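Subject: Handing over the structure

Hello,

Here is the structure I promised to pass on to you. Please open it beside this email, and then read on for what turned up.

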Amino acid sequence: SFNVVITGGSEFGMLLDPNTGTIADNLQGVSNGFKVITATSIPNDSVVIRIRVNTMAGNGGIIAAKIVNNKTQNSITKQINETEINKSSNSMSSTLSIGNPGMMIEGYGDVVVKQDECDFDNCGDFNYGDLDIIMNRQPNNFEFREGQFITVCDSSNPNTTTDDVGQSKPVPYERKRKELNWGNSWEVEPCLNNDGKVQFSIVTPDRLTIADLYFDFVEAVCTDIITNPPNNGIIITDLSLSGVTSGKDAMNDFCGHQLYPIRTGTSSRGGYYIEEVIRVHEGIHGDRFYKILNRNKQMLINELNKMILDCQEYEKFWKIDGVEQHIINALNTYYQFCETEYFTNNNEQEIQCHFAIRELIEQYMDQVSFRFGTNKPTFPCYNCPN
């Protein structure tokens with residue numbers, strides 16, 4: 001029998017006596033070889049476990065060991081791989097020497113533990129088409145990057161006019177999100193496809209499920225622009241018509257809501273502004289951008305599907321950081337394409353003529369007629385295209 005002790009690198013592995021099942025960094029009286037159980041992960045490409053073996057000369061037996069790879073990927077235990085370590089092994093070099101019978105003899109050996117290249121799970125049925133596009137509607141002054149804000153109602157901006165009573169816009173894509181304390185909204189898991197090539201799934205930060213891809217769209221009613229000079233407007237929040245003092249003026253201003261920009265008030269009085277109409281208008285902008293995102297989703301999928309790499313190519317040139325950057329670039333390109341389409345096809349008057357807005361304006365005009373006895377216009381305020 002012999003004794004085995006780990007003298008260096010015990011954080012990277014432990015010893016196992018197969019006869020007794022003992023797992024420790026010090027085995028005594030081993031009679032039938034031992035195993036080295038490696039750690040589930042190591043900090044470098046390779047680490048060394050230093051082992052000392054001693055026995056009495058003449059005790060007989062063969063000092064033999066096996067290394068058990070206990071490395072895991074994706075939090076799923078891999079099948080155990082065993083590699084024989086013997087006198088001719090390059091993985092365990094021995095300085096053991098044979099002495100006279102009855103003498104204590106001692107030797108040292110190094111077990112080199114290396115990261116397995118491309119030791120990934122099978123990709124299974126993962127498909128980029130299963131990634132959901134989520135669009136979050138955000139308020140004015142939305143912090144889309146840490147310390148950076150999207151402001152759509154900005155009276156200090158020289159491009160802002162008195163007509164900008166409601167504003168909205170898409171927000172550049174960002175992987176890190178404020179609600180996650182500026183942590184990543186997704187991570188990348190390498191996997192092997194059926195051809196043995198490396199592909200990449202996009203998963204939630206806890207790596208348990210497929211991730212959603214979050215995009216943002218800012219929508220706002222610009223109350224300061226409405227109520228401050230020169231508009232000096234009065235915001236009507238609901239059908240109670242709180243704030244309305246003149247049925248005639250309200251009917252005239254509500255009729256002007258069917259135009260874009262909204263036409264309200266006169267040079268001598270501020271106008272009435274229906275908050276709900278402005279909010280719905282900006283919401284329709286958001287609906288259209290969301291449709292554009294989904295309509296062009298296949299463009300993003302096609303780009304992501306190009307990331308099929310040989311193991312050596314991945315290990316030598318890409319690594320996980322390179323893959324993540326490629327995905328971010330693909331998402332940025334996709335966003336920019338959708339943003340361009342959105343602004344190219346933007347038609348404010350067409351949105352103001354949306355049936356939902358026209359019906360809403362009619363409800364407010366009917367309420368003015370009911371409350372104040374004011375007649376509705378004989379002819380439509382504005383003839384919207386079909």
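Below are some notes on helix packing, cavities, an aromatic pair and a few backbone details.

First, some ground rules. This is a predicted model, in which local features need pLDDT of at least 70 and side-chain atom pairs count only at pLDDT 80 or more, while totals for chains, interfaces and linings use all residues. Residues are numbered from 1 along each chain as its sequence is written, and side-chain values use heavy atoms, with hydrogens and water left out.

**Helices**

Helices (H or I, at least four residues) and strands (E, at least two) are DSSP runs, numbered from the N terminus. Axes are lines fitted to C-alpha atoms, for helices over the stretch in contact, and angles run from 0 to 180 degrees between N-to-C directions.

On the α2 side, the contact (heavy atoms within 4.5 Å) is made by Gly247, Ala250, Met251, Phe254 and Cys255, and on the α7 side by Ile361, Tyr364, Met365, Val368, Ser369 and Phe372. By class, nine of the residues in this contact are nonpolar, two are polar and none is charged. Here Ala, Val, Leu, Ile, Met, Phe, Trp, Tyr, Cys and Pro count as nonpolar, Asp, Glu, Lys and Arg as charged, and the others, Gly among them, as polar.

Helix α7 also packs against α3, at an angle of about 175° and with the axes 10 Å apart, so α3 and α7 are roughly antiparallel too. Glu276, Val277, Val280, His281 and Ile284 of α3 meet Ile357, Leu360, Ile361 and Tyr364 of α7. This contact has seven nonpolar residues, one polar and one charged.

**Cavities**

A cavity is a set of points, on a 1 Å grid over the protein atoms alone, where a 1.4 Å probe fits but cannot get out; lining residues have an atom within 4 Å of a point. Grid points are joined across faces, edges and corners, and a volume is the space filled by probe spheres set on the points.

How many cavities of 30 Å³ or more does the structure hold? There are two. The largest has a volume of about 80 Å³, and helix α3 (residues 275-295) gives the largest share of its lining, four residues. Among the lining residues are Asp163, Tyr260, Pro261, His281 and Gln352. The lining divides into six nonpolar, three polar and two charged residues.

The second largest cavity, of about 60 Å³, has a lining of four nonpolar, no polar and seven charged residues. Strand β14 supplies the largest share, three residues.

**An aromatic pair**

The whole structure has 12 aromatic pairs (ring centres of Phe, Tyr and Trp, its six-membered ring, within 6.5 Å). One of them joins Phe289 and Tyr335, at 6.3 Å centre to centre and 75° between the planes, which is edge-to-face (planes over 60 degrees apart). Phe289 lies in α3 and Tyr335 in α5 (residues 311-344), 46 residues apart.

**Backbone details**

The peptide bond from Tyr260 to Pro261 is cis, with omega near -5°, and Pro261 sits in the loop between α2 and β23 (272-274). Another cis peptide bond joins Pro229 and Pro230, with omega about 5°.

Enjoy exploring!

Notes. On a 1 Å grid over the protein atoms alone, a cavity is a set of points where a 1.4 Å probe fits but cannot get out, and a pocket is an open set with protein on both sides within 12 Å along at least five of seven lines; lining residues have an atom within 4 Å of a point. Rings of Phe, Tyr and Trp (its six-membered ring) pair if their centres lie within 6.5 Å; planes under 30 degrees apart count as stacked, over 60 as edge-to-face and the rest as tilted. Angles under 35 degrees count as roughly parallel, over 145 as roughly antiparallel, 65 to 115 as roughly perpendicular and the rest as oblique.
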